[in-house]
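Here is a short briefing. Please look at the sequence and the model before reading on.

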Amino acid sequence: MLRSSLVASSSSICQVHIPACHSKSPNNSSYFRQMRDEAPTRMIWREDCSFSRKRRIELCPLRAGFWDSIRSGFLKNNNTQVVETPTTLLEDEEPLPQEIVLLERTQSDGIVEQIVFSSAGDVDLYDLQTLCDKVGWPRRPLSKVAASLKNSYLVATLHSITRLPDAGTERKQLIGMARATSDHAFNATIWDVLVDPSYQGQGLGKALVEQLIRALLQRDIGNITLFADSKVVDFYKNLGFEADPEGIKGMFWFPRF
């Protein structure tokens, strides 16, 4: 059983700490009591017009409530008014993966570095394990890590690409990742947000989450949730997330002993 909680760094760039991958057995009662005591806050992203103006699509004064938008996918005869955002994509057409240069800088030795966001899911398992080691996550079985990436709806990455002057070689390093699971229609949940500690404090965590949200919106998925540790609730509020909107509560199942 996996559960993610978000841990803030001193630079306010978010990290996701996953305590469920120790050698402890799921049958360990103290382990589940710890999970229960550390249960994070479920947060839901709310789109506003200022965010929408940055997109190609112009919307919105009307938006269905969270539960109304859920029900609209199941009830045949409902009177819920749901805003249909216009799109130029065919119904069965998926947007192409994006690659965006977030930052480019030239170092004193002439080396050019680019920080590149990608939604193509280009993740090397061993590079990811190295990144997890840097942020202090406990190691997880690579087979399960591979399965979690394969079964994710979107996997977004940040890479540092450095090019040497007067040379055609380049070095590519994984410095950030986030992923989202989804029902491919209405809802998505963001997991495993992390940024290399040496790159924190530059707004890259914020950019990573914002670009992941945009990628979900391009696929017409607007109900976006995550689970945030109390230390980073304000970080996510600044990105448009709300804690317990409309009285909605996140609930966790724990075995009874």
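How much space lies in the largest cavity? About 80 Å³. This is a predicted model, in which local features need pLDDT of at least 70, side-chain atom pairs count only at pLDDT 80 or more, and totals for chains, interfaces and linings use all residues. Residues are numbered from 1 along each chain as its sequence is written, and side-chain values use heavy atoms, with hydrogens and water left out.

**Overall fold**

- The protein chain has seven helices and ten strands. Both are DSSP runs numbered from the N terminus: helices are H or I with at least four residues, strands are E with at least two.
- The chain counts 257 residues, and 44% of them are buried. Buried means under 20% relative accessible area, exposed means over 50%, and partly exposed lies in between (1.4 Å probe, protein chains only).
- Among contacts with a separation of 6 or more, 66% join residues 24 or more positions apart. A contact means heavy atoms within 4.5 Å.

**Cavities**

- Rolling a probe the size of a water molecule over the atoms shows where empty space is left.
- The structure holds two cavities of 30 Å³ or more. A cavity is a set of points, on a 1 Å grid over the protein atoms alone, where a 1.4 Å probe fits but cannot get out. Grid points are joined across faces, edges and corners, and a volume is the space filled by probe spheres set on the points.
- The largest cavity is lined by Leu-125, Leu-128, Gln-129, Cys-132, Trp-137, Pro-138, Arg-139, Arg-140, Leu-142 and Val-145. Lining residues have an atom within 4 Å of a point.
- Two or more lining residues come from each of α4 (125–135) and α5 (142–150). Helix α4 gives the largest share, four residues.
- By class, the lining has seven nonpolar residues, one polar and two charged. Ala, Val, Leu, Ile, Met, Phe, Trp, Tyr, Cys and Pro count as nonpolar, Asp, Glu, Lys and Arg as charged, and the others, Gly among them, as polar.
- Pro-141 sits in the loop between α4 and α5. Its relative accessibility is 43%, so Pro-141 counts as partly exposed.
- From Pro-141 to Gln-129 is twelve residues in sequence and 9.8 Å in space, C-alpha to C-alpha. Gln-129 is one of the residues lining the largest cavity.

**Salt bridges**

- Side chains of opposite charge can pair when their charged atoms come close.
- The whole structure has eight salt bridges. Each is a side-chain nitrogen of Lys or Arg within 4 Å of a carboxyl oxygen of Asp or Glu.
- Asp-122 and Lys-172 form a salt bridge at 3.0 Å, N to O. Asp-122 is in the loop between β5 (112–118) and α4, and Lys-172 is in strand β7 (residues 170–182), so the pair ties together parts 50 residues apart in sequence. Asp-122 is partly exposed at 41% relative accessible area, and Lys-172 is partly exposed at 44%.
- Asp-192 and Arg-179 form a salt bridge, with the closest N and O atoms 2.9 Å apart. The pair links distant parts of the chain, 13 residues apart: Asp-192 is in strand β8 (residues 187–195) and Arg-179 in strand β7.
- Asp-192 is buried at 2% relative accessibility. Arg-179 is buried at 8%.
- Arg-140, Arg-179 and Asp-192 are linked in a network of salt bridges. Arg-140 is also among the residues lining the largest cavity.
- Glu-113 and Arg-105 pair through their side chains in a salt bridge (2.9 Å, N to O). Glu-113 is buried at 4% relative accessible area, whereas Arg-105 is partly exposed at 28%.

**Backbone**

- Most residues other than glycine have a negative phi, and most peptide bonds are trans.
- His-184 is not a glycine, yet has a positive phi of about 70 degrees. His-184 lies in the loop between β7 and β8 and is exposed at 55% relative accessible area.
- Asp-220, also not a glycine, has a positive phi of about 65 degrees. Asp-220 is in the loop between α6 (204–218) and β9 (223–228) and is partly exposed at 45%.

Technical notes:
1 Å grid on protein atoms, 1.4 Å probe; cavity = no way out; pocket = protein on both sides within 12 Å on 5 of 7 lines; lining within 4 Å.
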